[in-house]
Amino acid sequence: MEEETDREKGVQPLDDILSELGLANKDLVGFSREQLTHKQVQKGRKGRYITSNIQQKILNALNAADKTRSYKRENLFNYRS
């Protein structure tokens, strides 16, 4: 049970950013030049633990989607994997 709560980090700042930009999970997947799935983006938004590699893929896709800002990983996630 303790391990399960360690993997649940709560809704991440990524969720607010994507909502503010009007981007859905599929939009972010479309901007990605790497292998990124809808499920990985959803896990990232809802705070389910994802690896640093997946966090980086989400960050790269978001930076490709929003040319007006430059995001860092700490802007999207409140934990480090």
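## Contacts and the model

Contact here means heavy atoms within 4.5 Å. By that criterion, the cover over the buried residues of α2 includes α3, α4, α5 and α6 (73-76). The model is predicted. Its mean pLDDT is 93, and 94% of the residues reach 70 or more. Confidence is not even along the chain. It is lowest in helix α1 (residues 2-7), with a mean of 61. It is highest in α5, at 98.

## Overall fold

The chain has 6 helices and 0 strands. Its radius of gyration is 12 Å, close to the 12 Å that the globule rule gives for 81 residues, so the chain is as compact as a globular protein of that length. Along the principal axes, the C-alpha atoms fill a box of roughly 40 × 20 × 20 Å.

Of the 81 residues, 38% are buried. Among contacts with a separation of 6 or more, 61% join residues 24 or more positions apart.

## Helix α2

Leu14, Asp15, Ile17 and Leu18 are the buried residues of α2. They cover an arc of only 165° around the axis, which puts them on the same side of the helix. An α-helix has 3.6 residues a turn, so residues three or four places apart point the same way. The face turned away from the buried side carries Asp16 and Glu20, both exposed. After α2 comes glycine 22, with a positive phi near 70°.

Isoleucine 17 lies in this helix. Its relative accessibility is 12%, under the 20% limit, so isoleucine 17 counts as buried. Leaving out residues up to four places away in sequence, isoleucine 17 touches Leu62, Tyr71, Asn75 and Leu76.

## Helix α4

Helix α4 spans residues 38-46, and Gln40, Val41, Gly44 and Arg45 are buried in it. Seen down the axis, these residues fall within an arc of 135°, so they line one face of α4. Their cover includes α2 (13-21), α3 (25-31) and α5 (52-65). Just after α4, glycine 47 takes a positive phi of about 90°.

Glutamine 55 sits in helix α5. Its relative accessible area is 0%, and the residue is buried. Beyond residues up to four places away in sequence, glutamine 55 touches Ile50, Arg73, Phe77, Tyr79 and Ser81.

Lysine 57 is also found in α5. Which side chain of opposite charge is nearest to lysine 57? It is glutamate 34, 5.9 Å away. Glutamate 34 is still a contact: lysine 57 touches Glu34, Gln35 and Leu36, not counting residues up to four places away in sequence.

Methods. Residues are numbered from 1 along each chain as its sequence is written. This is a predicted model: local features need pLDDT of at least 70, side-chain atom pairs count only at pLDDT 80 or more; totals for chains, interfaces and linings use all residues. Side-chain values use heavy atoms; hydrogens and water are left out. Buried means under 20% relative accessible area, exposed over 50%, partly exposed in between (1.4 Å probe, protein chains only). Helices (H or I, at least four residues) and strands (E, at least two) are DSSP runs, numbered from the N terminus. The arc is that of the directions from the helix axis to the C-beta atoms. Lys and Arg count as positive and Asp and Glu as negative; His and the chain ends are not counted. A salt bridge is a side-chain nitrogen of Lys or Arg within 4 Å of a carboxyl oxygen of Asp or Glu. pLDDT is the predictor's confidence in each residue, from 0 to 100. The radius of gyration is taken over C-alpha atoms; the globule rule is 2.2 Å times the number of residues to the power 0.38.
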